[in-house]
Amino acid sequence: MTHSPQFLSDAPNPLTSPAAAQRFLASYWQKQPGLIRQALAVGPYSPGTPALREMATHEAVESRLVRRRGARWRLVDGPIAAAELPGARDKAWTLLIQGVDLHLDAVADLRERFRFMPDVRLDDVMISVAGDQGGVGPHVDSYDVFLLQLEGRRRWHLAPPADYLLQPGQPLRLLAHFKAAVTVDLDAGDMLYLPPGWAHDGIAQGPCTTASIGLRAPSDDELLLAWLRDSIDAIARATDEAADDNETLATEPVERYLDDTAPAELRRWQRQPAAIPAPMARTLRGWLQRFRPGADDINDFIGRYLTEPKAGLAFDGCTAARARRLLEQARRHGLRLDRRTRMAYRADQVFINGDSFVTDGQTRKLLAQLANARRLNAADTAALFEDPDVAPVIAEWAQAGWIRVET
């Protein structure tokens, strides 16, 4: 059952070649939905329902269970006890597993297929397992998404952007008065692209599994909030370091700037005690303006922010001795990034998992190669270790679990 008006057309498959990806980005990206039949042979990338159900029981995995009974919806946040998971014959339920690519190599490999977009846009791969008639209701996403059918069939109802109202009293952000403008069925291997703002409602036609590859960008409010938090953390670190060194931070009390005030000004304050003194206001304004970021500060923050791991994500670290042994092995076999590691670069700065440092020359080229390919061969790894400044940094990465020996 497929109704395809003009705004849902067959799109170039961006997973097949750079040329196809370029055609897709030029004609569809953030412009219109696109339907891609048999976009990918999904067998190697599908973790299977038993593995996903087992993941939902773990504290370290972000999961949700959505059930529908008539017009009422119920949401349960994970971890979810195995006894609470629906049976194979139950209907109208969906199990959502967030960030599956951070936990399973096969799904991390699926994420790699979408690197025709910048890495910093790739958020994660969420997988939903659903019983017959399962779904999460009509909703709108504020980001681009590829919906790839892994198993079974799902029917998608779509509507263009509009000023939608939300259903009151529901645990999910469900659209009220949703009316589909197009309906399309996706079978295993089919993929649907939706730009931000397109309303959609996917309903399982029998048991099915769907991967959602989300491509996000921060809003201005999110970015400003993150910047302020980062600035607060930097001030707190400076304060702690000064306390540890028995030093005083280079700050001056505001009262100091009232000492040289003219007697006439002092008399005016006595007559108008509620007025804010102009010298005091100037001083405080100057202090705040001192925190105005420069271009280097902003660029450093942007790189660290865009590579920050998801909250609560834990890496498999090791001891310093174990890290040294791993690096010796890497000299012979090469190294690769852990599937959870986010790495990027810009100009002479390299960013990894929220950290940054400046480098240049051959070292910068090799680290850019590592970020782009997510691996280095043995010869390039040995060349990287020849830089005495970067070798200790790589050792820290190994100890933190951010890099692995190539196999």
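This is a predicted model: local features need pLDDT of at least 70, side-chain atom pairs count only at pLDDT 80 or more; totals for chains, interfaces and linings use all residues.
Residues are numbered from 1 along each chain as its sequence is written, and side-chain values use heavy atoms, with hydrogens and water left out. Helices (H or I, at least four residues) and strands (E, at least two) are DSSP runs numbered from the N terminus, and two strands are taken to pair if DSSP finds at least two bridges between them.

Strands S9 and S12 belong to an open sheet of four strands with the order S7-S12-S9-S10 and antiparallel pairing. Its edge strands are S7 (139–140) and S10, each of which pairs on one side only. Within the sheet, Leu158 has His200 of S12 as its bridge partner, while Trp156 is partnered by Val184 of S10. Strand S9 (residues 154–159) is joined to S10 by five bridges, and these two strands run antiparallel.

Although S10 (residues 182–186) is an edge strand, five of its five residues are buried, where buried means under 20% relative accessible area, exposed means over 50%, and partly exposed lies in between (1.4 Å probe, protein chains only). In a regular strand the side chains alternate between the two faces of the sheet. Both faces of S10 are covered, with Val182, Val184 and Leu186 buried on one side and Thr183 and Asp185 buried on the other.

Arg154, found in strand S9, is buried yet has no salt bridge, a salt bridge being a side-chain nitrogen of Lys or Arg within 4 Å of a carboxyl oxygen of Asp or Glu. The side chain of Arg154 instead reaches the backbone oxygen of Gly202 at 3.1 Å, and a polar contact of 2.9 Å links it to the side chain of Thr210. A polar contact is a pair of N or O atoms within 3.5 Å; within protein, one must be able to donate a hydrogen and the other to accept it, and residues adjacent in sequence count only if both atoms are side-chain atoms. Thr210 lies in strand S13 (residues 208–215) and is buried, at 1% relative accessibility.

Across the model, the count comes to 23 salt bridges. In one of them the side chains of Arg216 and Asp123 meet at 2.7 Å, N to O; because Arg216 lies in the loop between S13 and helix H4 (220–244) and Asp123 in strand S6 (residues 122–130), this pair ties together parts that are 93 residues apart in sequence. Arg216 is partly exposed, with a relative accessible area of 33%, whereas Asp123 is buried at 15%. Another salt bridge is formed by Lys310 with Asp124, the closest N and O atoms being 3.8 Å apart. Lys310 lies in the loop between helix H7 (295–306) and helix H8 (320–333) and Asp124 in strand S6, so this pair ties together parts 186 residues apart in sequence. Lys310 is partly exposed at 26% relative accessibility, and Asp124 is buried at 5%.

Within helix H7, Arg304 and Asp300 are four residues apart, which means a separation of about one helical turn. Their side chains meet in a salt bridge of 2.8 Å, N to O, and both residues are buried. Salt bridges that share partners also join Asp101, Arg111, Glu112, Arg115, Asp119 and Arg374 into one network. Arg374, in the loop between helix H9 (361–373) and strand S18 (375–376), has a positive phi of about 65° although it is not a glycine, and is buried at 10% relative accessibility.

Gln38 likewise has a positive phi, near 50°, but this residue is exposed, at 53% relative accessibility. Its place is in the loop between strand S2 (34–36) and helix H2 (49–55). The peptide bond from Gly78 to Pro79 is cis, with omega near 0°, and Pro79 is placed in the loop between strand S4 (72–77) and strand S5 (93–97).

Notes: Lys and Arg count as positive and Asp and Glu as negative; His and the chain ends are not counted.
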